[in-house]
Amino acid sequence: MNTLLAASLIELSVGVACLLVAVAAMPYRSRPGGTPLVLLAIGGGAWAATAAAASLIADPALTMWAQRGTYAATGFVSLCWFYVVVEYTRRVWWSRPTVLAAVAGLLTLDWLVLATDPIHRLVIAEPTTVSHMGAIDPMPGVLLWVTAAWKIAFLIAGIGFLTGEFATHRGVYRQQSIAMVAAGVLPLGAALVEVLDLVAVPGLDIGVIGVAASSVVAFWALFYTGFLDVVPIARRSLFVSMADAVVAVDERDRVVDINETAQTILDADEHVLGSDAAAVIPTEALACEDGESVAVPLTRDGARRRYEASVSPIRVESVPDRPKPTDEQIGRLFVLRDVTEQHERQLTLAAQNERLEEFSSVLSHDLRNPLNVAQGHLELARATGEDEHFDAVDRALGRIGELTDDLLALARAGTPMADAEDIHLAELVGECWATVLTDGATLVVDTDLVMSADRLRLKQLFENLFRNAIEHGGATVTVTVGEVADGAGFYVADDGPGVPESDRELVFESGHSTLVGNTGLGLAIVKQAAEAHGWTVRLTASETGGARFEFAPAA
């Protein structure tokens, strides 16, 4: 195997390696540095392919064009590697449209110079010859040194940026910075060797070897230091592993990053990167202003959860080439924190406080009145011995007993439900009806529903509803228990006088009653027993104009 063929095979192998890196990096192209890394590897493959062609083609004119192709690829590779560094180190100034246009113009000018080189011969000087086997030893022209200078300048600038990152980073990011510095130094060194012709191997472009080494290092940085998986600001520990859901968007409201928690609760994946934020972030959160927070209900694993969404601006940091801080906003950071348990504790505390107020009201007023009556008549009974005073004491003590029972029931109804069992509604309704003084009232049971519930509290619910129907509807009232239309709940209806629409919310308040001597706690107990089961209660009119209480699982 001759030297030229061996050199060409090496260069082609380098090209294949570069293209493999491009394929491996393709899924990450929307990440910071991902797109320029893909282009860098493709450019390296093009560089290697044109270098191999320059060695294999025997036609002098085509060999010269292949050599110019390698020079064109070097400029493209230099800029791509530089922009990998720019995105890695967050040098946003270099990504401004005007700056990008100027850099693209520089590259275009370089290609124009190469395209017109056969006319002016200022890149590959006139004395250059091609051997009969295709070997070329180009004589550098004036413009070759000029174009080489700006390409090397970009490499040196990138290495300078990375050196600053190396000085400030620790752990995996320090390794990352070392890898990226090496990825820049290797092609830079190889390019200098090639331009200065320090090592002369017929047909072999030493710069291609540098590109190969750089590609391998970039490959290692990609898969072993998490270069494209993380932004070098302790993202692995701070962003990815956060229990809160975090989504970062740019100034054009495109998703640029999303952590695993957000992917789970928002039913998204890494493919949303680059898509519109409205397709991922809940509308309530997206409407938030910077520094604000809002409650967002979401369904997770079939259960309704409550999240607190907050948004904060992402601003340009102070970096080595910009010593003064800037207020330039380049995006927003959305954080969704699960506050379901906290919210439920707050609701429970509020309910407990409300019950305490109810208790204090009953104790200070409703319970004190019959107690005063009993004490007063007891003194009179001692003084006079008349039986009517003992009867009054008995009635007052009975009233105190009723209040005490209702208070205990109210306390039990408001506490969290501990034990639930499958209950046949028809059987339980019959038991409850038997414990209430029903006189001539009639019960109609029209349901075969089986529900998971706390038996004691469900009994309190039915017994209080039955008493309420008899107290307001009279001894001949008819009470019906049946299923609601969709079968997801039940109702208790009567044919009594009903409740005016304006009073249907008030009847559930503790102490509210239209009957003299009533504790006003019965329907409050019903409501709290329902809420302890996770049910809603709705009071409407029955078909006969009476009251109809409907119970169904909360949405």
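**Setting up.** I am working with a predicted model, where local features need pLDDT of at least 70, side-chain atom pairs count only at pLDDT 80 or more, and totals for chains, interfaces and linings use all residues. Residues are numbered from 1 along each chain as its sequence is written, and side-chain values use heavy atoms, without hydrogens and water.

**H2 and H3.** I looked up helix H2 (residues 34-56) against helix H3 (residues 60-89) and found an angle of about 160°, with the axes 8 Å apart. H2 is therefore roughly antiparallel to H3 (that label applies to angles over 145 degrees). The crossing of H2 past H3 is left-handed. By class, their contact holds 17 nonpolar, nine polar and one charged residues.

**H15 and H16.** Next I checked helix H15 (residues 425-435) with helix H16 (residues 455-473): they pack at about 55°, axes 9 Å apart. H15 and H16 are therefore oblique to each other. Here H15 passes H16 in a right-handed crossing. Which residues of H15 meet H16? I noted Leu 425, Leu 428, Val 429, Glu 431, Cys 432, Trp 433 and Thr 435, which meet Arg 455, Leu 458, Lys 459, Phe 462, Glu 463 and Phe 466 in H16 (contact means heavy atoms within 4.5 Å). That contact has eight nonpolar, one polar and four charged residues.

Is Cys 432 buried or exposed? Cys 432 counts as buried, at 0% relative accessibility (buried means under 20% relative accessible area, exposed over 50%). Cys 18 is buried too, with a relative accessible area of 0%. I then looked for disulfides, taken as pairs of cysteine sulfur atoms within 2.5 Å, and the count comes to zero.

Technical notes:
Axes fitted to C-alpha atoms, helices over the stretch in contact; angles between N-to-C directions. Helix = DSSP H or I, 4+ residues; strand = E, 2+ residues; numbered from the N terminus. Parallel < 35°, antiparallel > 145°, perpendicular 65-115°, else oblique. Left-handed = near helix turned anticlockwise from the far one by under 90°. Nonpolar A, V, L, I, M, F, W, Y, C, P; charged D, E, K, R; others polar. Buried < 20%, exposed > 50% of the residue type's maximum accessible area, 1.4 Å probe, protein only.
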